[in-house]
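This briefing goes through the packing, aromatic pairs, salt bridges and surface of one model. The sequence and structure come first, and the notes follow by topic.

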Amino acid sequence: RPFFGDGACDDGGFLGNGNALLVDLAHGSDALACGRDRADDWICHQESTRQAFRLRAETGVMKLAGWGRYPARDCVVTKPRTAEDVAAALAKGPAVARGNGRAYGDSALNEENTISTRHLNRMIQFDETSGVLEAEAGVQLGDVIDAYLPRGWFPSVTPGTKFVTLGGMAAADVHGKHHHVDGGFGNFVDWIDVMGPDGIVV
């Protein structure tokens, strides 16, 4: 069953337990955990309680920079939680998507409309046979490793930090030390859904 598919609470920071939200995949638990450790080590929410934690998209001004810390700009940032939230943000005008801010320079800065993917961090489904993971753009590489390494799987491409999002990895076509042999991250992406400014996903 896909998890977090209904837009329920996916913000561990909301509960004071960090910013990652994982299912205890390694132990086959059906509990939801707000945190990076085993589900029984954190506050767990059974599926029946998820409706109580629906949150709205947030918008505000934040000072943003890339990993190099230059340039820094005051940007209007929207933090969508659903596809509908993303469409509403795109309808405001030209925008840039921002993951975890680990790119150098200003590649993820737009003073008028920056769309954060930090809350779009759901792992939707995983094929144990092929190793194919379907996930949202805001899922961090470190969370993928935490969830699937105990099950014998490791990402084919890993850059110099695990604190990048899958969306950022795809956008930059990041690579690791074996780039000259196996290529970049894009070589291991089977498909990607992209929402255009009209709100239509292609």
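The largest nonpolar core has 14 residues; such a core is a set of buried Ala, Val, Leu, Ile, Met, Phe, Trp, Tyr and Cys residues joined through side-chain atoms within 4.5 Å. Buried means under 20% relative accessible area, exposed over 50%, and partly exposed in between, with a 1.4 Å probe and protein chains only. This is a predicted model, in which local features need pLDDT of at least 70 and side-chain atom pairs count only at pLDDT 80 or more, while totals for chains, interfaces and linings use all residues. Residues are numbered from 1 along each chain as its sequence is written, and side-chain values use heavy atoms, with hydrogens and water left out.

**Nonpolar cores**

- Inside the largest core, the residues with the most contacts are M123, V144, Y148, L166, M169 and F185.
- Two or more residues come from each of β8 (123-126), α2 (141-148) and α3 (166-172); helices (H or I, at least four residues) and strands (E, at least two) are DSSP runs, numbered from the N terminus.
- The greatest contribution to this core, 5 residues, is that of α2.
- Beyond its neighbours within four places in sequence, V144 contacts M123, L133, V139, L149, P155 and L166, where contact means heavy atoms within 4.5 Å.
- Another core, of 6 residues, lies apart from it and includes V86, A89, L90 and I115.

- Because 7 of its 8 residues are buried, α2 is largely enclosed by the rest of the structure.
- The buried residues of α2 are L141, G142, D143, V144, I145, A147 and Y148.
- P71 sits in the loop between β4 (58-65) and β5 (72-79) and is buried, at 11% relative accessible area.
- Residues up to four places away in sequence aside, P71 touches L64, A65, G66, G105, D106 and L109.
- The C-alpha atoms of P71 and D106 are 6.5 Å apart, although 35 residues separate the two in sequence.

**Aromatic rings**

- There are 2 aromatic pairs, counted when ring centres of Phe, Tyr and Trp (its six-membered ring) lie within 6.5 Å; planes under 30 degrees apart are stacked, over 60 edge-to-face, and the rest tilted.
- F126 and W153 are edge-to-face, with 5.8 Å between centres and 80° between planes.
- This pair links F126 in strand β8 to W153 in the loop between α2 and α3, 27 residues apart.
- F126, Y148 and W153 make up one aromatic cluster, and W153 is partly exposed at 27% relative accessibility.

**Salt bridges**

- The structure has 5 salt bridges, each a side-chain nitrogen of Lys or Arg within 4 Å of a carboxyl oxygen of Asp or Glu.
- E58 pairs with R81, the closest N and O atoms being 3.3 Å apart.
- E58 is in strand β4 and R81 in the loop between β5 and α1 (83-90), so this bridge ties together parts 23 residues apart in sequence.
- E58 is partly exposed at 36% relative accessibility, whereas R81 is buried at 2%.
- D74 and K63 form a salt bridge at 3.2 Å, N to O, linking strand β5 to strand β4 across 11 residues.
- K63 is exposed at 58% relative accessibility, and D74 is partly exposed at 45%.
- R73 and E111 meet at 3.4 Å, N to O, in a salt bridge.
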